[in-house]
Amino acid sequence: MSRRRLTPSITPLPQVIPELVVLDTCVLMHTLTRNLVLRLAQAKLCTPIWGDYIGIEWQRNAPRIWKVEPEVVAQEWQLMQEQFPAANMGLVTEFERGLKHSDSKDWHVIACAMAAKQRFPNKECAILTWNIKDFHRTELRQRNLLLYTPDQYLSLLWPDHQALFSKLFEQALIDHVNIGRALEPITGLFKRDRLFRLSRLYQKIQT
């Protein structure tokens, strides 16, 4: 499958829109970002990817940070498996062989991406993470893997899917209230999730 490329913009962005997106644990920790990506997947704009250890990390850390019972996160994880049965690459330690330069704590994330490339060989695959510095770009390029922040990825999709994003932002505000938070502008949620580029794009169409 050929790579889909975008015309260059004033603010540099990666040029390839991946079909497969590996969600690092730090991405799952941000409710707005997690739900945006998963709902984009429901709209057939991407296929989410994760592995067993990403799930273990998330279920270990999220209850403590969110101050919720572990069962709440476990139920959410199970729902994700049901909604996206092709997403979980399972145990991927065999794909960690040969990795040297990236942070060893993140080898399992790279391994998920490599397993996904093997399962879906004709699709572009990107790791979505906020911990960009933990990944060695040359090591990823050698394996034909992309590396984006969530803000970069979502901003890539924005130009062709503004109407869909607007609906997803409305749903995000409903989600925010449903978990007991006070209603606030969507730009406040963007800031909390560090979606600064996406926020600027959204605010341009509001003026």
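**Strand pairing**

I began with E3 and strand E4 (residues 146-148), which pair in the parallel sense over three bridges. Two strands count as paired here if DSSP finds at least two bridges between them. Helices (H or I, at least four residues) and strands (E, at least two) are DSSP runs, numbered from the N terminus. Ala-126 has Leu-146 as its bridge partner in E4. I followed the chain from E3 through helix H6 (residues 137-142) to E4, and this β-α-β crossover is right-handed. Right-handed means that, with the strands pointing away from the viewer, the path from the first strand over the helix to the second runs clockwise.

A note on the source: this is a predicted model, in which local features need pLDDT of at least 70 and side-chain atom pairs count only at pLDDT 80 or more, while totals for chains, interfaces and linings use all residues. Residues are numbered from 1 along each chain as its sequence is written, and side-chain values use heavy atoms, with hydrogens and water left out.

I then checked strand E1 (residues 20-23), which pairs with E3 in the parallel sense over four bridges. Leu-23 has Leu-128 as its bridge partner in E3.

Are the faces of E3 (residues 125-128) covered or open? Both are covered: Cys-125 and Ile-127 are buried on one side, Ala-126 and Leu-128 on the other. Buried means under 20% relative accessible area, exposed over 50%, partly exposed in between (1.4 Å probe, protein chains only).

**Helix H5**

I looked up H5 (residues 107-119) next. Its 13 residues reach 18 Å from first C-alpha to last, close to the 18 Å expected at 1.5 Å a residue. The expected span is 1.5 Å times one less than the number of residues. H5 is mostly covered, with 10 of its 13 residues buried. Among them are His-108, Met-114 and Lys-117. The buried residues of H5 pack against E1, strand E2 (47-49), helix H3 (52-66), E3 and H6.

**Core**

The largest nonpolar core has 69 residues. Such a core is a set of buried Ala, Val, Leu, Ile, Met, Phe, Trp, Tyr and Cys residues joined through side-chain atoms within 4.5 Å. Val-22, Leu-23, Trp-50, Ile-127, Leu-154 and Phe-169 have the most contacts inside this core. H5 gives the largest share of the core, eight residues.

I took Leu-23 as one example. Leu-23 is buried, at 0% relative accessible area. Leaving aside neighbours within four places in sequence, Leu-23 is in contact (heavy atoms within 4.5 Å) with residues including Val-37, Pro-48, Trp-50 and Leu-128. With residues up to four places away not counted, Trp-50 touches, among others, Trp-77, Phe-84 and Cys-112.

**Cysteines and His-30**

How many disulfides does the structure hold? I found zero. A disulfide is a pair of cysteine sulfur atoms within 2.5 Å. Cys-112 is buried at 1% relative accessibility. Cys-125 is buried too, at 0%.

Last, I looked at His-30, in the loop between helix H1 (25-28) and helix H2 (31-42). His-30 counts as buried because its relative accessible area is 19%. Leaving aside neighbours within four places in sequence, His-30 is in contact with Trp-130, Arg-192, Asp-193 and Arg-194.
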